[in-house]
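Open the model in a viewer and follow the stops below in order. Each stop says what to select and what is there.

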Amino acid sequence: MVKFDQNSFSLKGKVALITGGARGLGKYYSIALSTYGADIFIVSRKQDGWEEVQKIIESNGQRVEFLSQDITEPGAADKIINAVIRQFGKLDILVNNAGIQLRNDVLDFKDEDWLKVINLNLNASYFLAHVAAKVMSKQRSGKIINIGSMQSYRAGKRIFPYAASKHGILGLTKAYADALAPYNIQVNGLAPGYIMTDMTKALQEDPVRGPEIKEHIPSGEWGVPEELMGPMVFLASSASDYVTGVMLPVDGGYLLR
Ligand code: NDP
């Protein structure tokens with residue numbers, strides 16, 4: 001009897017916490033996971049996008065709850081995971097998505113900008129995964145998915161803390177994957193390539209960098225957010241139960257060159 005069918009990708013009965021899950025790329029992760037049956041808990045500071053994503057998740061037949069919270073505040077991780085447990089009674093999937101990028105020339109880079117990016121992109125993910133793992137280890141199952149980027153592998157000469165934080169998230173993914181495997185918790189990452197979003201609009205339209213990037217991508221095209229949805233569902237579902245500690249690039253082959 002082969003134990004593999006369409007249910008291997010099902011997320012029915014699962015609860016997913018997605019940081020920054022109401023707008024940008026996070027919105028697509030919330031929609032992807034709810035399309036496959038997960039209930040969703042979204043945390044962000046502002047309420048931008050909440051109403052729109054709520055409509056879509058509910059039209060998928062799933063429940064969504066929101067919390068307005070800065071995830072870099074001390075104690076935020078406990079507060080957030082407690083709220084998820086209060087609402088849903090469990091936590092199966094954590095997507096560490098919220099992130100920022102601040103640019104400057106090296107000699108002008110401000111210490112406070114370094115701290116802002118590291119605190120959000122790296123430290124908040126560490127703390128949330130830490131508290132989530134305490135819940136998931138008791139359940140003897142869980143999926144933690146960290147969002148990396150091309151800067152998990154490459155430098156970025158005007159985005160020092162971003163490149164450091166995204167390299168850090170790759171290391172964190174491996175370390176947690178190793179440590180949490182005995183509890184049947186898989187920890188993986190998704191590294192979006194050059195995706196057409198508001199955040200990258202200026203880059204797409206830059207007369208020098210725009211064509212340079214396109215030229216560098218073997219597929220010859222920037223990605224669209226929808227292309228991240230299948231990989232996200234795969235990493236969140238039991239179809240990937242023997243996959244742990246990898247950061248999956250979704251980049252049209254960008255890293256090959
Ligand atoms: P956006 O800026 O569009 O969205 C970021 C989300 O995170 C928002 O929902 C925001 O909500 C939330 N957020 C930001 N700061 C905090 C905070 N302190 N506490 C709680 N929530 C916060 O980002 P993208 O969708 O572009 O990026 C999402 C992730 O994908 C990031 O990790 C980014 O590095 C990565 N990525 C993006 C790429 C792209 O092409 N866009 C490419 C590669 C990687 P609010 O402001 O209300 O708090």
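**Stop 1: Asn104**

Select Asn104 and Asp108: a polar atom in the side chain of Asn104 is 3.3 Å from the backbone oxygen of Asp108. The model is a predicted one. Asn104 sits in the loop that runs between S4 and helix H4 (111-139). Is Asn104 buried or exposed? Its relative accessibility is 17%, and the cut-off for buried is under 20%, so Asn104 counts as buried. Next, show what surrounds the residue. Leaving out residues up to four places away in sequence, Asn104 touches Phe109, Lys110, Lys157, Arg158 and Phe160.

**Stop 2: strands S4 and S5**

Select strand S4 (residues 93-96) together with S5. The two strands run parallel and are joined by four bridges. To see one of the pairings, pick Ile93, whose bridge partner in S5 is Lys143.

Now keep S5 alone, residues 142-147. Why is this strand described as largely enclosed by the rest of the structure? Six of its six residues are buried. Colour the strand by side to check both faces: Gly142, Ile144 and Asn146 lie on one side, Lys143, Ile145 and Ile147 on the other, and all are buried.

**Stop 3: two residues with positive phi**

Step back to the loop between H4 and S5 and select Arg140. This residue is not a glycine, yet its phi is positive, about 60°. Arg140 is partly exposed, with 46% relative accessible area.

Then go to the loop between H5 and strand S6 (185-192), where Asn184 lies. Asn184 also has a positive phi, near 60°, and is likewise a residue other than glycine. With a relative accessible area of 36%, Asn184 is partly exposed.

**Stop 4: the ligand**

Select the ligand and display the residues around it. How many residues are around the ligand, and which come nearest? There are 25, and Leu25, Arg45, Lys46, Asn97 and Tyr162 come nearest. By class, this shell holds nine nonpolar, 11 polar and five charged residues. Highlight helix H1 (24-35) and helix H5 (160-180): each of these contributes at least two residues to the shell.

- Asp70: a polar atom of the side chain is 2.9 Å from a ligand nitrogen.
- Gly20: a polar backbone atom is 3.5 Å from a ligand oxygen.
- Ile71: a polar backbone atom is 3.0 Å from a ligand nitrogen.

For the ligand as a whole, the area exposed when taken alone is 890 Å², and the protein buries 93% of that.

**Stop 5: Gly223**

Finish with Gly223, in the loop between helix H7 (209-216) and helix H8 (229-236). Gly223 has a relative accessible area of 11% and is buried. Which residues is Gly223 in contact with, leaving aside its neighbours within four places in sequence? Select Tyr194, Ile195 and Met196 to see them.

Definitions and conventions: Residues numbered from 1 in each chain as written. Predicted model: local features only at pLDDT ≥ 70, side-chain atom pairs only at ≥ 80, totals over all residues. Heavy atoms only, no water. Buried < 20%, exposed > 50% of the residue type's maximum accessible area, 1.4 Å probe, protein only. Contact = heavy atoms within 4.5 Å. Near = heavy atom within 4 Å. Polar contact = N/O pair within 3.5 Å; in protein donor to acceptor, adjacent residues only side chain to side chain. Areas by Shrake-Rupley, 256 points an atom, 1.4 Å probe, with all protein chains shown as cover. Nonpolar A, V, L, I, M, F, W, Y, C, P; charged D, E, K, R; others polar. Pairing = 2+ DSSP bridges.
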